[in-house]
Amino acid sequence: DACLKALRTALSLNENQLSALSNLSLRCIELGEHEEAIELVKRMLRLTPNNAMVHFTLSYLYRYTGMLERSIAEVEKALELDPRNPRLRTAGFAYMYAGNYAKAYERFQLDTKSAAPNAWQGWALFLMGEREKAIDCFDRAIALEPDGFVALRFGTIRAFSLGDLDNARRLHRTLEESRRSWTRYDPESSYLIAASCGLLGDRDGCVRWLRRTVEDGFFNYPAMVKEPFLDAVRDDPEFQQVLALAREKHENFKKTFALKMP
């Protein structure tokens, strides 16, 4: 991974460079290298325990591994320290996964000028039953960024909410095909694709993407249990197998790595 190499080079020149430590730990989390991420976070906490990005990074690790209460607690610490930082907008994801859509919507509003946060606000509103408001948010997001993951993933939900299933499936197929051109892979994106498969009733696609998600290091088991988009496929035996794998990895993290956490 070129990003990892560049960040490790930066740290070889200055081992206490906070931005490099933070970005390297975030990338390690995305690559499933959780043990290295823990050591990096611990180093950051020793250097600057009251830094918002340090607590945000710790929240990110807890989010990927399914420790949602800790994820929310850490991101709230980050927001106390730096309440206007738009980068903390992804705080809403932990609330989404915990089923607190109103709080997620509030946190996504930290950034109203970018495409993704507008789409995420629509996502929260959709699950709150506010379909018309959700569509307005999706429209704003797609206008800001008409191509790419945001337009395709949330365009799929938009089309579904309007009852245009043919267009929803077309957009979703394009989203799945676009995976080949991603320059940076993140298993949380695979999870969102799996959830969209579930929304559309695509059992095979949902199982395929969810398995990849879990094997690549995103095993937020509590989120998968609560996820409304997955309800249509829950009785599938293969889905249950993948869910069991997510639970195993989640529990193993709590028993093994969480003991090493600060």
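Buried here means under 20% relative accessible area. By that cut-off, helix H10 is mostly covered, with 10 of its 13 residues buried. The model is predicted.

**Helix H10**
- H10 runs over residues 149–161.
- Its 13 residues should span 18 Å at 1.5 Å a residue, and the end C-alpha atoms are 18 Å apart, so expectation and model agree.
- The buried set takes in Val-150, Ala-151, Leu-152, Arg-153, Phe-154, Gly-155, Thr-156, Ile-157, Ala-159 and Ser-161.
- Just after H10 comes Gly-163, which takes a positive phi of about 80°.

**Largest pocket**
- The largest pocket holds about 770 Å³ of space.
- Its lining counts 25 residues.
- Nearest the pocket centre lie Glu-30, Tyr-60, Trp-120, Asp-186 and Ser-189.
- H10 contributes at least two residues to this lining, and so does each of helix H2 (18–30), helix H4 (52–65), H8 and H12.

- Side chains of opposite charge can pair when their charged atoms come close.
- The model has 16 salt bridges.
- One of them joins Glu-188 and Arg-63, whose closest N and O atoms are 2.7 Å apart.
- Glu-188 sits in helix H12 and Arg-63 in helix H4, so the pair ties together parts that are 125 residues apart in sequence.
- Both Glu-188 and Arg-63 are buried.

- Lys-103 and Glu-106 form a salt bridge, at 3.6 Å from N to O.
- An α-helix has 3.6 residues a turn, so residues three or four places apart point the same way.
- Lys-103 and Glu-106 are 3 residues apart in helix H7 (residues 101–108), so about one helical turn separates them.
- Lys-103 is partly exposed, because its relative accessibility is 25%.
- Glu-106 is partly exposed too, with a relative accessible area of 40%.

- Arg-203 counts as partly exposed, because its relative accessibility is 31%.
- Asp-235 counts as exposed, because its relative accessibility is 57%.

**A salt-bridge network**
- Glu-76, Lys-103, Glu-106 and Arg-107 make up one network, joined by salt bridges that share partners.

- Glu-227 lies in the loop between helix H14 (221–226) and helix H15 (237–255).
- Glu-227 is buried, yet has no salt bridge.
- Its nearest side chain of opposite charge is Arg-153, 5.9 Å away.
- A salt bridge needs the side-chain nitrogen within 4 Å of a carboxyl oxygen.
- Arg-153 is itself one of the buried residues of H10.
- Leaving aside residues up to four places away in sequence, Glu-227 touches Tyr-191, Ala-195 and Arg-234.

Terms used:
Residues numbered from 1 in each chain as written. Predicted model: local features only at pLDDT ≥ 70, side-chain atom pairs only at ≥ 80, totals over all residues. Heavy atoms only, no water. Helix = DSSP H or I, 4+ residues; strand = E, 2+ residues; numbered from the N terminus. Buried < 20%, exposed > 50% of the residue type's maximum accessible area, 1.4 Å probe, protein only. Lys, Arg positive; Asp, Glu negative; His and termini not counted. Contact = heavy atoms within 4.5 Å. Expected span 1.5 Å × (residues − 1). 1 Å grid on protein atoms, 1.4 Å probe; cavity = no way out; pocket = protein on both sides within 12 Å on 5 of 7 lines; lining within 4 Å. Points joined across faces, edges and corners; volume = space filled by probe spheres on them.
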